[in-house]
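User: I would like to go through a structure with some questions. Please show it before we start.

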Amino acid sequence: MIAPHLALALVRLCFDAAAITAFGVSGFIACIAPKRLGQAIAASSNFLIVAASSVAVISTVAWLPIEAAVIGDSWQSALDRGTLSVILYDTAIGKAWLVRLVLSLLLTAALPWRSASMVRLALSGFLLASLALTGHANMDEGTRGVFHILNDALHVLAGGAWLGSLLALPGCLARLGDPAFCAEAKTALRRFSSAGHLAVALVIVTGIANTVLVLQHLPTDFTSTYQMLLVTKIACVAGMTGLAVINRYIFVPRMPRQSDRAIIQIRNGTYAELALGAGVLALVAFLGILDPA
Amino acid sequence: MEEGAFLKFNLVVKAHGVPRLAGRFSGPADGLGEGSPPMKTTTCTLALLSCLLFDGSASAHAHLRAEDPAAGGTVTAAPAALSLTFSEGLEIKLSGVTLKGADGNAVSTGAPSLSPGDDKLMTVPITGQLGTGVYKVDWHALAKDGHTTHGTYQFTVGH
């Protein structure tokens with residue numbers, strides 16, 4: 001049996017991935033893609049939305065007993081009614097859990113409405129932001145505490161928008177060659193580029209603020225597992241940013257001349273960015289259970 | 001602070017240095033066929049990369065910062081309560097202590113409470129009798145973010 005805190009990291013990873021997928025894909029459909037292209041991408045990426053909504057509910061439900069096992073330091077506590085009810089009614093984690101349960105159930109309830117991307121975007125946005133209610137921005141009090149929570153929420157949303165929308169990008173790229181969608185796909189790429197610059201900048205600025213608030217110094221002590229993983233995460237984000245810049249400023253300008261080849265290069269760059277993004281999520285999940293010493 | 005100042009300096013230098021480089025990729029060669037992208041944002045992004053040594057979402061654990069009676073200390077009169085100050089706010093319902101004498105027998109204690117206005121200070125009333133001797137405090141704490149910590153310290157009642 002795996003240790004409860006390891007299970008907590010895994011459930012957190014599943015939850016993050018699900019919320020980010022729902023948020024980014026819905027965001028791309030609702031805000032980036034023009035109407036017809038949005039509908040086409042919504043239809044072809046429906047399996048992603050169904051999977052993300054289901055995983056969001058399952059990982060949320062599993063979260064509470066695993067949290068109880070972590071607190072009781074044994075799997076026996078996972079279903080201990082006393083522990084569960086104290087967590088649920090008397091702690092901040094319990095309140096945040098209830099919020100997440102309601103939001104993820106609503107996300108699943110909205111599945112039959114395939115065109116309700118805006119609703120999904122809002123629900124998954126709140127789901128992502130709710131991470132800031134527990135993950136630790138609560139370490140500070142007063143104005144600084146509120147700023148820390150808002151900053152953390154913004155960091156998660158910007159990062160989620162960036163990573164999640166990359167999942168919808170290949171669907172848009174594939175339609176560049178389709179005369180029926182070519183113009184809309186170009187418009188979508190242009191908007192994606194502008195929104196992408198903003199999201200990346202926000203991720204970096206809020207990330208810096210977060211580190212300053214949490215560690216209060218540079219993560220340069222490699223004897224600390226936390227700081228080592230944090231530096232690894234930063235390296236992954238730097239890699240993703242590099243790939244995004246290469247995609248936008250080297251491959252995109254080649255599109256008018258060597259369309260097919262450039263599109264394949266952009267698609268491969270996107271997949272590489274997604275792979276690094278998956279690494280970031282795994283690191284975040286483990287950073288979440290470590291002591292930031 | 002020194003490092004912070006360096007990074008700020010670096011940021012300014014990059015912010016001025018990058019546009020010319022980035023500008024080479026914009027203009028007519030822009031593959032999207034329309035207008036150039038918001039270069040200012042790009043510049044900021046690239047500039048910020050230079051100080052990408054930060055970043056992260058983290059979690060805080062409640063560490064014991066101070067205790068009364070002090071760890072390893074000796075008090076002449078038996079204390080009426082134990083006070084433990086932590087680095088983070090606690091969930092009091094899932095935090096607490098067990099107090100044991102040198103013989104390993106537990107001394108009864110009341111329900112732990114947080115001091116009003118300070119969720120980092122836990123007070124546990126001692127309801128049992130404390131004679132002279134060494135006492136061991138086993139504490140466990142649940143921080144507001146769901147992280148648990150625990151530890152042990154001793155104090156002596158006596159001379």
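User: Which pattern does chain A follow, read along the sequence?

Analyst: This is a predicted model, in which local features need pLDDT of at least 70, side-chain atom pairs count only at pLDDT 80 or more, and totals for chains, interfaces and linings use all residues. Residues are numbered from 1 along each chain as its sequence is written, while chains are lettered from A and ligands numbered from 1 in the order in which they are written. Helices (H or I, at least four residues) and strands (E, at least two) are DSSP runs, numbered from the N terminus. Chain A has twelve helices and zero strands, and its pattern is α-α-α-α-α-α-α-α-α-α-α-α.

User: What radius of gyration does chain A have?

Analyst: The radius of gyration is taken over C-alpha atoms, and the globule rule is 2.2 Å times the number of residues to the power 0.38. For 293 residues a compact globule would have a value near 19 Å, and the value of chain A agrees with this: 20 Å.

User: What percentage of the residues of chain A count as buried?

Analyst: A residue is buried if 20 or more other C-beta atoms lie within 10 Å of its own, exposed if 12 or fewer, and partly exposed in between, with C-beta atoms placed from the backbone. Of the 293 residues in chain A, the buried share is 53%.

User: Which residues does A:Cys172 touch, not counting residues up to four places away in sequence?

Analyst: Two residues are in contact if their C-beta atoms, placed from the backbone, lie within 7 Å. With residues up to four places away in sequence left out, A:Cys172 touches A:Ala33, A:Leu37, A:Ile41, A:Ala185, A:Ala188 and A:Leu189.

User: Is A:Asp73 buried, exposed or partly exposed?

Analyst: A:Asp73 sits in the loop between helix 3 (46-72) and helix 4 (81-90) of chain A. A:Asp73 is not a glycine, yet its phi is positive, about 60°. Most residues other than glycine have a negative phi. A:Asp73 has 14 C-beta neighbours inside 10 Å, so it counts as partly exposed.

User: What is the order of the open sheet of five strands in chain B?

Analyst: Chain B has two helices and nine strands. Two strands pair if DSSP finds at least two bridges between them. The edge strands of this sheet, each pairing on one side only, are strand 2 (74-75) and strand 5 (106-107) of chain B. The pairing is mixed, and the order is 2-9-8-4-5.

User: Over how many bridges do strand 8 and strand 9 of chain B pair?

Analyst: These two strands form a hairpin with five residues between them, and B:Gly146 in the turn has a positive phi of about 95°. The bridge partner of B:Ala141 is B:Thr149 in strand 9 of chain B. Strand 8 (residues 133-142) and strand 9 of chain B pair in the antiparallel sense, and the number of bridges is ten.

User: Which peptide bond is cis?

Analyst: Most peptide bonds are trans. B:Pro69 lies in the loop between strand 1 (64-68) and strand 2 of chain B. With omega near 0°, the cis bond is the one from B:Asp68 to B:Pro69.
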